Amino acid sequence: MEERHILATYRLDCVTIQELDAQLEPDLMSAIRHPTGIPPLVQFLSILHFQASGPFQTTVAMASGMSQPMFSNVLSRVLSALLKHMHSYIVFPQVEDLPTVKGDFYAL
């Protein structure tokens with residue numbers, strides 16, 4: 001895929017997707033129990049697409065080659081894996097930083 005198509009579909013660039021996939025792979029790999037299991041990258045990209053586009057689970061599930069119940073299970077697994085790593089990416093300001101944050105927000 002071209003980078004612009006990746007950004008439009010997943011709302012993240014290719015490098016960020018690869019970095020996140022590498023972090024999440026151990027958690028998502030443990031969910032594969034048999035040869036027909038869904039590869040971690042497919043799980044992750046399916047959920048990114050769902051979060052970026054907001055359609056019904058059934059639509060994304062079909063595009064990803066899985067049933068809606070399987071997609072629901074994958075959604076739960078991927079979101080749980082993302083939660084384990086969220087503190088590396090989401091940082092809330094400290095109380096003493098709030099006046100600066102408020103001022104910067106107001107300036108926008």
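**Getting to know the helices**

Colleague: I see that the axes of α2 and α5 come within 9 Å and cross at roughly 130 degrees. Does that make α2 oblique or roughly parallel to α5?

Modeller: The helices are DSSP runs (H or I, at least four residues; strands are E, at least two), numbered from the N terminus. Their axes are lines fitted to C-alpha atoms over the stretch in contact, with angles from 0 to 180 degrees between N-to-C directions. Under 35 degrees counts as roughly parallel, over 145 as roughly antiparallel, 65 to 115 as roughly perpendicular and the rest as oblique. With a crossing of roughly 130 degrees, α2 is therefore oblique.

Colleague: Before we go on, what kind of model is this, and what pLDDT do local features need?

Modeller: Residues are numbered from 1 along each chain as its sequence is written, and side-chain values use heavy atoms, leaving out hydrogens and water. The model is predicted: totals for chains, interfaces and linings use all residues, side-chain atom pairs count only at pLDDT 80 or more, and local features need pLDDT of at least 70.

Colleague: Back to α2 and α5: is their crossing left-handed or right-handed?

Modeller: Picture the near helix turned from the far one by less than a right angle: anticlockwise is left-handed, clockwise is right-handed. The crossing of α2 and α5 is right-handed.

Colleague: How do the residues in that contact divide by class?

Modeller: Contact means heavy atoms within 4.5 Å, and Gln23, Leu24, Asp27 and Leu28 of α2 make it with Arg77, Val78, Ala81, Leu82, Lys84 and His85 of α5. Ala, Val, Leu, Ile, Met, Phe, Trp, Tyr, Cys and Pro count as nonpolar, Asp, Glu, Lys and Arg as charged, and the others, Gly among them, as polar. That gives five nonpolar, two polar and three charged.

Colleague: What about α3 and α5: are they roughly parallel or roughly perpendicular to each other?

Modeller: α3 covers residues 40-53 and α5 residues 68-85, and their axes come within 9 Å. The crossing is at roughly 90 degrees. So α3 and α5 are roughly perpendicular.

Colleague: And how many nonpolar, polar and charged residues does that contact have?

Modeller: From α3 come Gln43, Phe44, Ser46, Ile47, Phe50 and Gln51, meeting Phe71, Val74, Leu75, Arg77, Val78, Leu79 and Leu82 in α5. By class, they are nine nonpolar, three polar and one charged.

Colleague: Moving to α1, within what arc do its buried residues fall?

Modeller: In α1 (residues 3-10), Ile6, Thr9 and Tyr10 are buried, where buried means under 20% relative accessible area, exposed over 50% and partly exposed in between (1.4 Å probe, protein chains only). The arc is that of the directions from the helix axis to the C-beta atoms. These residues line one face of the helix, because seen down the axis of α1 they fall within an arc of 75 degrees.

Colleague: Which residues does threonine 9 touch, again leaving aside neighbours within four places in sequence?

Modeller: At 14% relative accessibility, threonine 9 counts as buried. The buried residues of α1 pack against α2 (14-29) and α3. Threonine 9 and alanine 52 are 43 residues apart in sequence but 6.8 Å apart in space, C-alpha to C-alpha. Threonine 9 is in contact with His49 and Ala52.

Colleague: What phi does arginine 11 take?

Modeller: Arginine 11 lies in the loop between α1 and α2, and counts as exposed at 52% relative accessibility. Most residues other than glycine have a negative phi. Arginine 11 is not a glycine, yet has a positive phi of about 65 degrees.
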